[in-house]
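This report describes one protein model together with its ligand. Please keep the sequence and the structure in view while reading.

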Amino acid sequence: MEKGDLVSLEIVITLLREAMLEKASTAKGFLIDGYPRELEQGVRFEKEIKPCEVVLVFDVPDDVMTKRLLERGKNSGRVDDNEETIKKRLETFHNITQPVIDHFQDQNKVRKISAIGDVDEVFKQVEKVLDEVTKEDVTLKDAQVVFVLGGPGSGKGTQCSKIVEKYGFCHLSSGDLLRAEVASGSERGQRLNEIMEKGDLVPLDIVLDLIKESMIKNLSETKCFLLDGYPRELEQGQRFENEIVPCTSVLLFDAPDETMKSRLLERGKTSGRVDDNEETIEKRLQTFHNITQPVIDYYDKQNKLTKISADGPSDEIFKQVEKYLDSRPW
Ligand code: AP5
């Protein structure tokens, strides 16, 4: 610390974990002050401990920070509050911590606070952010969520549109949210396109964040959500249920591979989707059977699964959906 360098990642993450565990039963939440200082710290924390809700960035010009620290140094007794070390600390911040801010910016988690004014003015901005974070949590906990599963081309999207029309649910398709991100032309979108073109699954955190953001946006319209194409892997379901709200039920559209394949090849003639070609469809079917089947088994065991036979004409399939939805209060 005297040299103004960063302390090793292992040590910091262990100290944090221990301190959090000690307070876990009484704390309403955690402010992790001055962490992560480097990208790997953030990535490891979110993987090994918990994803963060929001990242507060206090934005102040270098000369103001230097002045504040020199002032404190007059009687703080800290080994690093001297001109030379302060310069090194600022350099470390700009070179190593800036990529952390960029990383969380990509996930839409950064809230910048302009921190030049007096303490109370700065705190007003902080309050605004924290009020929002705690409000999000409470309201999403009231949501009713139906996971909609089925292979590629099983008709999930088609049936969801009908449900929206008759029951007024909010339909969120993870595939559509991802394609919208691709269409935005962002760098993240380009990376997603490459993954989807191969028929693989995109990283879990990206899908979860996109879904959470959309749920919050739509919450004033309805509390009932259809999550079409989510969860695709077991961890997606567990993370969603731990971090947002447990699902109410799971609808599975069940169709033979041949039916799904021929529907998608037909759609591929005009859809313009990068994944509606024979090779990628095969890979999507494989991904479904290998990775999504355990999700289906998991919810079946919890008695939350309703299987809909999805091989016939669309209206016939919808009759089964109506029978299920009419049997519950929404
Ligand atoms: P996504 O967009 O979710 O695609 P999909 O699940 O592969 O399936 P589709 O949406 O193409 O089919 P659908 O079941 O909705 O059927 P639809 O109603 O459209 O995902 C695409 C990619 O994004 C994934 O491969 C992955 O890379 C990524 N991704 C998405 N979610 C993710 C997640 N949670 N995690 C990680 N990665 C994720 O119907 C298909 C066609 O059939 C249409 O032309 C329709 O008109 C027709 N049709 C429908 N029903 C009938 C019927 N009964 N009779 C005749 N034709 C019908």
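## Model and overall fold

Helices (H or I, at least four residues) and strands (E, at least two) are DSSP runs, numbered from the N terminus. By this definition V133 is found in helix 5. The model is predicted, and local features need pLDDT of at least 70, side-chain atom pairs count only at pLDDT 80 or more, while totals for chains, interfaces and linings use all residues. Residues are numbered from 1 along each chain as its sequence is written, and side-chain values use heavy atoms, with hydrogens and water left out.

The protein chain has 13 helices and 7 strands. Its C-alpha trace spans about 80 × 40 × 35 Å along the principal axes. A residue is called buried under 20% relative accessible area, exposed over 50%, and partly exposed in between (1.4 Å probe, protein chains only). Of the 330 residues of the protein chain, 39% count as buried.

## The ligand and its contacts

A residue is near a molecule if one of its heavy atoms lies within 4 Å of it. The ligand is surrounded by 31 residues, of which the closest are T158, S174, D200, Q236 and R267. A polar contact is a pair of N or O atoms within 3.5 Å. An oxygen atom of the ligand lies 2.8 Å from a polar side-chain atom of R179, and an oxygen atom of the ligand is 3.2 Å from a polar backbone atom of S154. The protein covers 84% of the 1,000 Å² of accessible area that the ligand has on its own, where areas come from the Shrake-Rupley method with a 1.4 Å probe.

## The shell around the ligand

Which elements give two or more residues to the shell around the ligand? They are helix 6 (156-167), helix 7 (174-183), helix 11 (257-271) and helix 13 (314-326). The largest share, 4 residues, comes from helix 7.

The shell divides into 10 nonpolar, 12 polar and 9 charged residues. Here Ala, Val, Leu, Ile, Met, Phe, Trp, Tyr, Cys and Pro count as nonpolar, Asp, Glu, Lys and Arg as charged, and the others, Gly among them, as polar.

V133 and V54 are 79 residues apart in sequence and 7.6 Å apart in space, C-alpha to C-alpha.

A115 is found in the loop between strand 2 (110-114) and helix 5 (119-140). Is A115 buried or exposed? A115 counts as buried because its relative accessibility is 6%. From A115 to I206 there are 91 residues in sequence and 30 Å in space, C-alpha to C-alpha.

## Backbone features in loops

Most residues other than glycine have a negative phi, and most peptide bonds are trans. The peptide bond from Y35 to P36 is cis, with omega near 0 degrees; P36 is placed in the loop between helix 1 (9-23) and helix 2 (39-48). The bond from Y230 to P231 is cis, with omega near 0 degrees, and P231 belongs to the loop between strand 5 (224-228) and helix 10 (234-243).

N108, in the loop between helix 4 (83-106) and strand 2, has a positive phi near 65 degrees. At 46% relative accessibility, N108 is partly exposed. N303 has a positive phi near 60 degrees and lies in the loop between helix 12 (278-301) and strand 7 (305-309). With a relative accessible area of 72%, N303 is exposed.

Key. Polar contact = N/O pair within 3.5 Å; in protein donor to acceptor, adjacent residues only side chain to side chain.
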